[in-house]
Amino acid sequence: MNICIVAGARPNFIKVAPVIRAVTTANKEGKDISCSLVYAGKEDDPTLEPSLFNDLNISPPDAFLGVDCENLNELTGTVMSKFETYLRYNHTDVVIVVDDLASTMAAAIVTKKQGITLAHIAAGTRSFDITMPKEINRLVIDGLSDILFTAGISNNSIANKEGAELSKVYMVGNILVDNIRYNLPRLRRPATLDLLGTEEHKYILFTLNRKVLINEKREILEDMIVTFSHKSVNTTIIAPLRDNAAVTVNEIISRNKLYNIQVVEPLCYLEFSYLTKNAKGIITDSGNVAEEATFYGVPCITLNRYTEHIETVKVGTNVLIGEDVIMLGNAVSDMNAGKWKESSIPDRWDGRSAERIIQIIANCQCKKC
């Protein structure tokens with residue numbers, strides 16, 4: 001059985017790495033299974049630092065589609081054309097896609113047109129905001145998928161309510177946690193902590209990725225950054241940021257003289273995970289970071305009104321404040337005072353999601369035979 005795993009952006013590699021390792025293990029055990037890794041982007045993509053694949057203990061992609069477009073419609077069409085060419089020359093039994101990018105949707109459409117089994121990791125995630133491009137992507141991908149792998153019961157319910165057959169939906173757990181558990185002994189303390197003169201559990205980690213905040217809601221973003229800086233006056237806030245996010249936050253810091261926020265260069269995966277694990281608290285707009293925070297038991301404030309994994313709020317450390325500055329200020333005060341809700345690790349965050357995924361795919365393919 002030949003599996004093609006498609007990654008559309010850097011975060012996807014972190015989620016597919018456990019699947020690749022599971023395929024390698026199954027192959028060593030004598031099972032007739034192999035996989036190839038296809039990246040929608042370019043080989044010289046600056047977000048793919050050389051250490052990434054070493055940190056994840058996987059090989060770099062077997063193929064690069066070389067797509068680099070800002071316009072989502074253009075990107076979708078280009079990925080479809082190039083992925084169709086890839087499948088024409090590479091025998092594939094199953095295509096695995098992950099998350100909800102435009103490139104993910106494009107690969108899903110081509111897969112179904114070619115009559116190949118399509119499996120979706122992180123199925124059933126919804127914001128219920130149809131104006132979001134990613135929400136449309138999720139609906140299309142889940143609607144096309146032959147196998148839907150969900151992270152939790154709530155995701156199962158969503159998929160079932162939208163018409164997915166029970167036999168197609170499998171709650172395998174959170175694939176991100178497979179990586180966390182696998183890499184726990186391999187985490188590396190970044191030199192950043194020494195350079196900033198701070199210690200474990202005495203800093204707040206801040207990450208920022210949402211383009212709508214950075215590009216369209218800068219005044220709101222500025223109010224939020226000023227608020228959590230003033231509420232954490234005696235605490236260092238470490239912000240590993242890239243590109244426009246770094247430029248925007250540095251401008252806000254300079255304009256408002258916020259001396260406790262330190263924008264630093266992006267860190268490699270194992271160093272960033274160390275910062276996450278050992279933070280006093282986290283302020284982020286990233287669902288992935290919020291999930292890591294829940295696993296590590298670190299207080300987390302999410303600058304969004306929804307999360308793809310509601311378990312991080314229901315039983316985890318995560319709180320959603322949207323863009324409410326007052327809520328943010330209160331939450332940061334509680335974070336710094338050590339007043340945070342009790343939490344636990346959600347069901348099936350046991351590090352065996354990839355193992356379940358490969359077993360289910362193998363069984364489904366056997367039934368087809």
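## The largest cavity

The largest cavity has a volume of about 70 Å³. This is a predicted model, in which local features need pLDDT of at least 70, side-chain atom pairs count only at pLDDT 80 or more, and totals for chains, interfaces and linings use all residues. Residues are numbered from 1 along each chain as its sequence is written, and side-chain values use heavy atoms, with hydrogens and water left out. A cavity is a set of points, on a 1 Å grid over the protein atoms alone, where a 1.4 Å probe fits but cannot get out. Grid points are joined across faces, edges and corners, and the volume is the space filled by probe spheres set on the points.

The structure holds 1 cavity of 30 Å³ or more. Lining residues, which have an atom within 4 Å of a point, include Lys15, Phe149, Asn174 and His309 in the largest cavity. By class, this lining has 6 nonpolar, 4 polar and 1 charged residues. Ala, Val, Leu, Ile, Met, Phe, Trp, Tyr, Cys and Pro count as nonpolar, Asp, Glu, Lys and Arg as charged, and the others, Gly among them, as polar.

## Aromatic pairs

The structure holds 7 aromatic pairs. Rings of Phe, Tyr and Trp (its six-membered ring) pair if their centres lie within 6.5 Å; planes under 30 degrees apart count as stacked, over 60 as edge-to-face and the rest as tilted. Tyrosine 39 and phenylalanine 64 form an edge-to-face pair, 6.1 Å centre to centre with 85° between the planes. This pair links distant parts of the chain, 25 residues apart: tyrosine 39 lies in strand E2 (residues 34-39) and phenylalanine 64 in strand E3 (residues 63-64). Helices (H or I, at least four residues) and strands (E, at least two) are DSSP runs, numbered from the N terminus.

Tyrosine 39 is buried, with a relative accessible area of 2%, whereas phenylalanine 64 is partly exposed at 28%. Buried means under 20% relative accessible area, exposed over 50%, and partly exposed in between (1.4 Å probe, protein chains only). The ring centres of phenylalanine 83 and tyrosine 86 are 6.1 Å apart and their planes are at 5°, so this pair is stacked. Both residues lie in helix H3 (residues 72-89), 3 residues apart, about one turn of the helix, and both are buried.

## Helix H10

Helix H10 (residues 218-230) has 13 residues. From its first C-alpha to its last, H10 reaches 18 Å, close to the 18 Å expected at 1.5 Å a residue; the expected span is 1.5 Å times one less than the number of residues. Among the buried residues of H10 are Leu221, Glu222 and Phe228.

Note on methods: 1 Å grid on protein atoms, 1.4 Å probe; cavity = no way out; pocket = protein on both sides within 12 Å on 5 of 7 lines; lining within 4 Å.
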